[in-house]
Amino acid sequence: MARNSIFRLTFWKLVFLFLMAAGLYATVVRFTQGLGASTHLTDQFPWGIWISFDVLCGVMLAAGGFTLTAAVHILNIKRMHSIIRPTILTAFLGYILVCAALMYDLGKPYNIWHPLIMRNPHSVMFEVAYCVMLYTTVLALEFSPIVLERFNLQKPLKVVRTILIPLVICGVILSTLHQSSLGTLYLIVPEKLHPFWYTPLLPVFFFLSAIGVGLAMTIFESSMSSKHFGLQLELPVLRELGRVLFVVLGIYGILRVEDLANRGALKLAFHPSYETYLFWLEISLAIILPLILLAQPKVRNSPTGLYFAAVLTLLGFITNRLNVSITGFEGSTGVRYFPKWTELAVTGMIIAIGFALFGLAVKYLPIFPAEELSTEKSSEADSAVLVGSEVLEHAGD
Amino acid sequence: MSKALLYDSTICIGCKQCEQACATQNNLSYDDAVASEEYQSAHKLTCIMTRGDKFMRRLCMNCNEPSCASVCPVGALKKTALGPVTYDPSKCMGCRYCMVACPFSVPKYEWGKLFPKVQKCVMCPDRVAQGKQTACAEICPTGATKFGDRDALIAEARQRIHDNPNKYVDHIYGLEEVGGTSVLLLSSVPFETFGYRTDISKDPLPMLTYRVLSHIPDFVPLGGMVLGGVWWITHRREEVALAEGHGSDGQKKNGGKE
C-alpha cells in the first residue's frame with residue numbers, strides 16, 4: 001500500500017514537472033516571438049484552443065460555483081452545504097486560470113485593463129470582460145471566509161458573512177449573464193458558423209449547459225476528492241445532483257432537437273460529413289449517453305455510475321464548445337485548424353497548475369470538514385505528507 | 001454627407017497602381033512579390049484579383065453598420081460620419097473578435113510581430129477629412145475606382161447598369177449587403193467568381209448581438225428581485241418551522257457557515 005502510493009506519487013510528480021517544463025518553454029516562445037511563432041492561428045482562423053478550451057471551457061467548467069451557491073444559499077438546500085467549499089474553490093481557481101490564459105491569447109496583454117475605461121456597451125466581449133472581472137471578485141469574496149477562518153480573523157469574517165446573500169445573488173446574476181454571453185459572442189456570425197451550431201438560441205444553450213456542467217463538475221470533483229483525500233463520499237448529495245443533472249440535460253436535449261428541427265438543420269445530421277461526425281460525437285457524449293445512464297436507479301445509486309455519467313457530460317460539453325468555436329468555422333473559412341504544440345503545452349500547464357493549486361488549498365485551508373479529513377486517514381502514519389503532496393496532481397480543477 | 005468608393009470592374013485594367021498607392025499611403029513596403037499576392041494581408045490592404053481577363057478589387061467594405069466596430073470591446077474600431085471605419089491601435093488589446101465577426105473576413109493581424117496590430121483598409125480617413133479622394137481613387141488611371149458621395153455614386157452605378165444591361169450583372173454589391181457599405185462594386189461576372197458571398201444578410205449584423213445585450217439592464221434588477229424573493233421564502237419557512245418547534249439540528253449545524 002505504502003509503496004504503491006509512493007510509486008504513484010512519483011509518477012504524477014513526473015507528469016506535473018513535464019507539463020510545467022513544456023508550458024514554461026512555450027511561455028518563453030509566446031512572449032519573445034509572438035503569436036505567429038507560438039500558435040497555428042492565421043488570418044482565416046484568428047481564435048484557437050486558448051479561446052476554445054482555456055476560456056470557453058474554463059468558464060463553463062467553473063459553473064459549479066454559481067449553481068451550488070444558488071442551491072445552498074438561495075434555495076436553502078442544506079444537505080448540499082458539505083460540498084460547497086470545494087466547489088467554490090474549483091470555480092475561483094477556474095476563473096483565475098481563465099484570466100491567466102487570456103494573457104497568452106491577447107495580442108497586447110498589457111492592454112487587458114482597457115475595457116475598464118474604454119467602453120463599448122454594444123460589444124458582447126465588453127460585457128463578458130466586465131462580468132468575468134466582477135465575478136472573479138465575487139468568487140474571491142465567497143472564498144475569503146475559508147482563508148479568514150484559517151487565520152482566525154473574526155472581524156473581516158463577520159463582514160463577509162453579513163454581505164454573503166447579496167454577494168451570492170450578484171454572483172448568480174453575473175454568471176447567468178456571462179455564461180450565456182459566451183454564446184452570444186457567436187450570434188454575429190450567421191454566415192460563418194455551421195448550421196449545427198449557429199442558432200439564435202446560442203445564449204440559452206450556453207447557459208443551460210453551464211448549469212449541467214456545473215452539476216457534473218461537482219460530482220466529478222467530489223468523486224475525485226473522496227478517492228484521493230480519503231474522504232467520505234457524500235452519496236446522497238451526489239445522487240441528488242445526478243437527478244437534477246438528468247432533468248437539466250433532458251431540457252437541454254429537447255430544446256436542442258427542437259431548435260435543429262425548426263431551423264431545418266436536423267436533416268443535415270444524416271448527411272455524412274466532417275461536421276456531422278463531430279456533431280454526433282458531441283450529442284452522444286453530452287446528451288444521449290448521460291441520459292441513458294442517469295435514467296437508471298442502479299447508476300444513480302452507484303458512485304462509479306455517477307462518476308462516469310458526469311465525465312461523459314463534461315467531455316460532451318467540452319466537445320460542444322470546441323465545435324462551436326473551431327469545427328463550426330472550418331467549413332466557411334476553408335481552413336483546418338489544429339493547435340501547435342506550444343498551444344497545447346500552455347493549456348496543459350494551466351490544467352496542471354489548477355490541479356496543484358487545488359491540492360495545496362486542500363492541504364493548507366479548511367476546504368473539507370475537519371472531522372472527515374482527520375478520521376479517514378489518521379491511521380496512516382504518513383497521511384499528512386501523502387494528502388499534502390499527492391493532491392498536487394489529482395483533484396479536479 | 002457620407003462618402004464612398006465605386007469600383008467598376010469592367011473599366012479596371014489590372015494595373016495595380018491602387019495597390020501601390022495604398023501601400024505608400026499606409027507606410028507598407030510594396031514590390032513585385034507583394035504585387036503578385038492576390039489576397040489581403042497585414043501588409044497588403046487592398047488587392048486586385050485576376051480570373052482570365054476579368055478583374056476584381058478587394059478592400060475593406062467600410063460597412064455602414066460595421067460588425068467590427070460593434071464587437072470591439074474597447075472601441076478601437078469606429079465608423080466615422082464621412083464613411084471610413086477607422087482603427088486606433090493604441091486602444092486595441094488584441095482580442096481579434098473583429099476578425100471573427102467581420103462578414104467579409106477583412107481585418108488581418110500582424111502575427112509575426114511581438115506587439116501586433118490589426119490591419120485593414122481604413123478608407124484614408126485623414127485625406128477624406130481634408131476633402132481629398134482616397135489614395136487608390138486618386139491614382140486610378142481609368143476611373144475604375146471612383147470616390148464621391150455615396151448617394152451620387154449609387155445613382156451613377158444604377159445609370160451604368162441601365163445604359164449597358166448586357167455588360168453588367170444586375171447587382172450593386174454593397175448597396176444592401178449587411179445594411180449597405182461605403183464600398184460599392186460593379187461586375188460583369190457573378191460576384192461569387194471572386195469569392196464575394198451574395199447569400200449574405202441584408203440586415204446589419206450588429207443587431208443580432210445587441211438585441212440580446214439590450215435586455216441586460218432590465219434583467220439585472222429583475223433577477224436580483226427574484227433571487228432575493230426566493231431566498232426570503234426559503235429562509236422564512238425555516239424560521240416558521242423553528243418557531244413551531246420543528247427545527248432540526250441540521251439547520252443549526254450549517255447556519256452561518258460561509
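Apart from neighbours within four places in sequence, A:Pro366 is in contact with A:Ile146, A:Glu149 and A:Arg150 (contact: C-beta atoms, placed from the backbone, within 7 Å). The model is predicted: local features need pLDDT of at least 70, side-chain atom pairs count only at pLDDT 80 or more, and totals for chains, interfaces and linings use all residues. Residues are numbered from 1 along each chain as its sequence is written, and chains are lettered from A and ligands numbered from 1 in the order in which they are written.

**A:Pro366**
- A:Pro366 lies in the loop between α15 (341-364) and α16 (370-377) of chain A (helices are DSSP runs of H or I, at least four residues, and strands runs of E, at least two, numbered from the N terminus).
- A:Pro366 is partly exposed because 15 other C-beta atoms lie within 10 Å (buried means 20 or more, exposed 12 or fewer, partly exposed in between, with C-beta atoms placed from the backbone).
- A:Pro366 and A:Thr137 are 229 residues apart in sequence and 20 Å apart in space, C-alpha to C-alpha.

**Interface of chains A and B**
- In chain B, 54 residues are in contact with 45 residues of chain A.
- On the side of chain B that touches chain A, α9(B) provides the largest share, 11 residues.

**Domains of chain B**
- Chain B is assigned domain 1 (3-205) and domain 2 (215-254), with bounds from an automatic or database domain assignment.
- The centres of domain 1 of chain B and domain 2 of chain B, taken over C-alpha atoms, are 58 Å apart.

Key: Contact = placed C-beta atoms within 7 Å.
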